[in-house]
Amino acid sequence: MFETANEFSMFIESLAVDKNMNVVDTILEYCEENYIEPEEITKLINKSLKDKLEISFIDMNYLPKHSTLDFL
């Protein structure tokens, strides 16, 4: 369905905004609706979507929070 990782990532990001969901839930819902295992879409996740996934996992307390320098 998607020819590039960028197409898939843009689709997931816009779907997440439309449904007011985080990207993790949006990807899982997409996989469920299309009978795809989440492991099968790893090649379609680009850097931008990966960063958003990381933020979502941090927000859900699945990953430790990073220390940040706010003044940079």
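Which residue just after H1 takes a positive phi? Asparagine 20 does, with a phi of about 55°. The views below show a predicted model, in which local features need pLDDT of at least 70 and side-chain atom pairs count only at pLDDT 80 or more, while totals for chains, interfaces and linings use all residues. Residues are numbered from 1 along each chain as its sequence is written, and side-chain values use heavy atoms, with hydrogens and water left out.

**View 1. The whole protein follows the pattern α-α-α along its sequence.** The protein has three helices and zero strands, where helices (H or I, at least four residues) and strands (E, at least two) are DSSP runs numbered from the N terminus. Its C-alpha atoms fill a box of roughly 40 × 25 × 20 Å, taken along the principal axes. Of the 72 residues, 28% count as buried, a term that means under 20% relative accessible area, with exposed meaning over 50% and partly exposed in between (1.4 Å probe, protein chains only).

**View 2. Helix H1 (residues 5-19) packs with helix H2 (residues 23-33) at an angle of about 110°, their axes lying 9 Å apart.** That angle makes H1 roughly perpendicular to H2, a class that covers 65 to 115 degrees; the axes are lines fitted to C-alpha atoms over the stretch in contact, and angles run from 0 to 180 degrees between N-to-C directions. On the H1 side, Phe8, Phe11, Ile12, Leu15, Ala16 and Lys19 meet Val23, Thr26, Ile27, Glu29, Tyr30 and Glu33 of H2, contact being heavy atoms within 4.5 Å. The residues of this contact divide into eight nonpolar, one polar and three charged, with Ala, Val, Leu, Ile, Met, Phe, Trp, Tyr, Cys and Pro counted as nonpolar, Asp, Glu, Lys and Arg as charged, and the others, Gly among them, as polar.

**View 3. Helix H1 has buried residues at Phe8, Ser9, Ile12, Glu13, Leu15 and Ala16.** Seen down the axis of H1, these buried residues fall within an arc of 165°, so they line one face of the helix; the arc is that of the directions from the helix axis to the C-beta atoms. The buried residues of H1 pack against H2 and helix H3 (47-59), whereas the face turned away from the buried side carries the exposed residues Met10, Val17 and Asp18.

**View 4. Serine 56 is found in helix H3.** At 9% relative accessibility, serine 56 counts as buried. When its neighbours within four places in sequence are left aside, serine 56 is in contact with Asn22, Val23 and Val24.

How values were computed: Parallel < 35°, antiparallel > 145°, perpendicular 65-115°, else oblique.
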